[in-house]
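Trainee: Can we go through this one together? I'd like to start with a single residue and its contacts.

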Amino acid sequence: VLRRLVLPGAWPVLRAGLRLSLNAAIVVLISVEMLSGHDGLGAAVWQSWQTMRVEQLYGTLLVLAVLGLVFNRCLGR
């Protein structure tokens, strides 16, 4: 009953939950890196914001956007 009825019926809800939780995890990860990290993408965003390096800021934000899209597409399949 579990394999034939429950899991196939719950699969769309599980997939949607995974996609939402992955997006929330990425946002929390970047936020924590901005506040307390010395290395990583969040720290790069924060440091480029503080030093007014606009090119580096937009480049890092572009990398973050592409990572978010790739992760979302991978879970969407």
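Trainee: Leaving aside neighbours within four places in sequence, what is Arg19 in contact with?

Mentor: This is a predicted model. In it, Arg19 is in contact with Asn72, Leu75 and Gly76, once neighbours within four places in sequence are left aside.

Trainee: Which helix does Arg19 lie in?

Mentor: Arg19 belongs to helix H1, which covers residues 2-36.

Trainee: Is Arg19 buried, exposed or partly exposed?

Mentor: Partly exposed, because its relative accessible area is 31%, and buried would need under 20%.

Trainee: Moving on to Phe71. Where is it found, and what does it touch?

Mentor: Phe71 is in helix H3. Not counting residues up to four places away in sequence, Phe71 touches Leu22 and Ile26. Phe71 and Ile26 are 45 residues apart in sequence, with 9.6 Å from C-alpha to C-alpha.

Trainee: And what is the relative accessibility of Phe71?

Mentor: It is 36%, so Phe71 counts as partly exposed.

Trainee: Which residues of H3 are buried, then?

Mentor: Leu57, Thr60, Leu64 and Gly68.

Trainee: Take Thr60. What is its relative accessible area, and what is it in contact with?

Mentor: The relative accessible area of Thr60 is 9%, so Thr60 is buried. Leaving aside neighbours within four places in sequence, Thr60 is in contact with Leu41, Ala44 and Val45.

Trainee: Which residues in H2 meet H3?

Mentor: On the H2 side they are Leu41, Ala44, Val45, Ser48 and Trp49. On the H3 side they are Gln56, Leu57, Thr60, Leu61, Val63, Leu64 and Leu67.

Trainee: Which residues are buried in H2?

Mentor: Gly42, Ala43, Ala44, Val45 and Ser48. Ala44, Val45 and Ser48 are also among the residues that meet H3.

Trainee: At what angle do the axes of H2 and H3 cross?

Mentor: Roughly 155 degrees, and the axes come within 8 Å; H2 is residues 41-50 and H3 is residues 54-76. Since angles over 145 count as roughly antiparallel, H2 is roughly antiparallel to H3.

Trainee: Is the crossing of H2 and H3 left-handed or right-handed?

Mentor: Left-handed.

Trainee: Is Met52 buried or exposed?

Mentor: Exposed, because its relative accessibility is 67%.

Trainee: Last one, Arg53. Where is it found?

Mentor: Also in the loop between H2 and H3. The relative accessibility of Arg53 is 43%, so Arg53 counts as partly exposed.

Trainee: And how far are the C-alpha atoms of Arg53 and Ala25 separated?

Mentor: By 26 Å, with the two residues 28 apart along the chain.

Notes:
Residues numbered from 1 in each chain as written. Predicted model: local features only at pLDDT ≥ 70, side-chain atom pairs only at ≥ 80, totals over all residues. Heavy atoms only, no water. Axes fitted to C-alpha atoms, helices over the stretch in contact; angles between N-to-C directions. Helix = DSSP H or I, 4+ residues; strand = E, 2+ residues; numbered from the N terminus. Parallel < 35°, antiparallel > 145°, perpendicular 65-115°, else oblique. Left-handed = near helix turned anticlockwise from the far one by under 90°. Contact = heavy atoms within 4.5 Å. Buried < 20%, exposed > 50% of the residue type's maximum accessible area, 1.4 Å probe, protein only.
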